[in-house]
Amino acid sequence: MYRKSRGFVVNLNGAGMQKSFVILSLGTAVIFVLAGILFASQAGRGLSSQQVGKMTVAMSSGVLLHTMSYEIPYFEAVQKNEGNIDVSSLAFRLITSINPKDPRSFLGNELPGFSLFDTEVLVSGKELALSELPFESSPPPEALKKEGDTEKAAPAQAETEKPMEQEVLSTNGKKVFFIYNTHNRESWVHAVPEARAKNNPDLAMDSETNITLVSKRLSQSLEKNGIGSSVGTTDFTGRLINRGAAYALSYAESLKAVKAVMAQNRDLNYFIDIHRDSLRRKSTTVTLDGKSYAQIHFVIGMRNKNWEKNQQFALKVHNAVEKKYPGLSKGIFGKKGGNGEYNQSVSPNAILIEVGGVDNTIEECYRTADVLAEAIAEVYWEAEKVDAKTKPKRS
């Protein structure tokens, strides 16, 4: 009996070792599979900061602290107070791209029209609900096709504004900013009879009273701050209507104009595409010191491989606005869907700014344009100072 018992123990230990070996082998295989999936599309290259950013966003503070504690012992004590690490939840998010706390991650891949799915909050002053995320809807055909509607502006030309009163700082006649409107006929409910009568924001499109007025005001305010700028006057929407082309091709049209003016004027280094959002008034308006303003937010096209440089410029302007007018800027949002690039590959200083929404008044948009010009001027002149210091002095 003793020998049998002893033999049984030996066999049991052998089975345990075999089981451990199988578990270890499977675990190793899983690690290799995950590593292969992660790096398969990045053969020959290291992880980009965008990919690292995605992974860190998916990690909780506990996971990050635990990882950092391997190199910095101080974080080991801090990490103990953060609770346990949910490794399974982290792995699930990294592998499936589904976040149980965000319904967009369940629906976005299944519903083609679920445009909010492709919006990432890069910088925000407050926690935003899904209903507060920026949203830009395509206008219905009846909002675009009007009797006698034709393209009125010369293609790929910049309108030179008359210089206003100059401050001490000046670009000395050089036009360094180009401001344009890809969706140039975006208007407001109060300005379009059809939209006002039906209270339908999608009908707020007009060939005369539209977002181009805000671009002209921004240009004038920049000139007042000593910065030379020009405004593109091309009616991109009119071009598409005349050709019977889809509204989705708007950015392809505006990119042609941007490249044309870049070839004409090599001093241009900053490019701002001004839009208005489709959200209603309560989500696009803020009252500061007794005056109402159209809120702004910045959109960064994350399909541009150098999008982080555009984000850096947007962040500087966002911070300058928030420093003087807290709450005026809703933040910076990254977009992968739709166009996903928004002409921002032409320059690290190319950004898209949404000024207000369909219910804001022109006066509110003008107030915001003036504030925005002050912030942009502050960022621009600061960059010029840094650039002047880094340039070698001539002997």
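Predicted model: local features only at pLDDT ≥ 70, side-chain atom pairs only at ≥ 80, totals over all residues.
Colleague: How do β6 and β7 pair, and over how many bridges?

Modeller: Strand β6, residues 285–288, and strand β7, residues 291–294, pair in the antiparallel sense over four bridges. The two strands form a hairpin with two residues between them, and D289 in that turn has a positive phi of about 50 degrees.

Colleague: Which residue follows α10, and what is its phi?

Modeller: G244 follows α10, and its phi is positive, near 70 degrees. Within helix α10 itself, which covers residues 236–243, the buried residues include F236, T237, G238, R239 and L240.

Colleague: Let's move to N172. Where is it found, and is it buried or exposed?

Modeller: N172 is found in the loop between β2 (158–160) and β3 (175–180). N172 is exposed, because its relative accessible area is 69%, and the phi of N172 is near 55 degrees, a positive value in a residue other than glycine.

Colleague: And N343, where does that one lie?

Modeller: N343 lies in the loop between β9 and β10, and it has a positive phi of about 65 degrees although it is not a glycine. With a relative accessibility of 2%, N343 counts as buried.

Colleague: E341 is in the loop between β9 and β10 too. Why does E341 count as buried?

Modeller: E341 counts as buried because its relative accessibility is 18%, and the cut-off for buried is under 20%. The loop that holds E341 runs between β9 (329–335) and β10 (350–355).

Colleague: What is E341 in contact with, leaving aside its neighbours within four places in sequence?

Modeller: With those neighbours left aside, E341 is in contact with G301, R303 and N304. The side chains of E341 and S345 are joined by a polar contact of 2.2 Å.

Colleague: W307 is in α12. What span should that helix have, and what does the model give?

Modeller: Helix α12, residues 307–324, has 18 residues and should span 26 Å at 1.5 Å a residue, and its end C-alpha atoms are 26 Å apart, which agrees. The buried residues of α12 are W307, N310, Q311, F313, A314, V317, H318, A320, V321 and E322.

Colleague: Why would residues three or four places apart point the same way in a helix?

Modeller: An α-helix has 3.6 residues a turn, so residues three or four places apart point the same way.

Colleague: Changing topic, how many aromatic pairs does the structure hold?

Modeller: The structure holds eight aromatic pairs. One of them joins F178 and Y180, and this pair is stacked, at 5.7 Å centre to centre with 15 degrees between the planes. F178 counts as buried at 2% relative accessibility, and Y180 is buried as well, with a relative accessible area of 4%. The rings of Y293 and Y325 have their centres 6.0 Å apart and their planes at 55 degrees, so that pair is tilted.

Colleague: Which parts does the pair of Y293 and Y325 tie together?

Modeller: Y293 lies in strand β7 and Y325 in the loop between α12 and β9, so the pair ties together parts that are 32 residues apart in sequence. Y293 counts as buried at 8% relative accessibility.

Colleague: Which residues do ring pairs link into a cluster?

Modeller: Ring pairs link F177, Y270, F313, Y380 and W381 into a cluster, and F313 is also one of the buried residues of α12.

Key: Residues numbered from 1 in each chain as written. Heavy atoms only, no water. Buried < 20%, exposed > 50% of the residue type's maximum accessible area, 1.4 Å probe, protein only. Contact = heavy atoms within 4.5 Å. Polar contact = N/O pair within 3.5 Å; in protein donor to acceptor, adjacent residues only side chain to side chain. Pairing = 2+ DSSP bridges. Expected span 1.5 Å × (residues − 1). Phe/Tyr/Trp six-rings, centres within 6.5 Å; stacked < 30°, edge-to-face > 60°.
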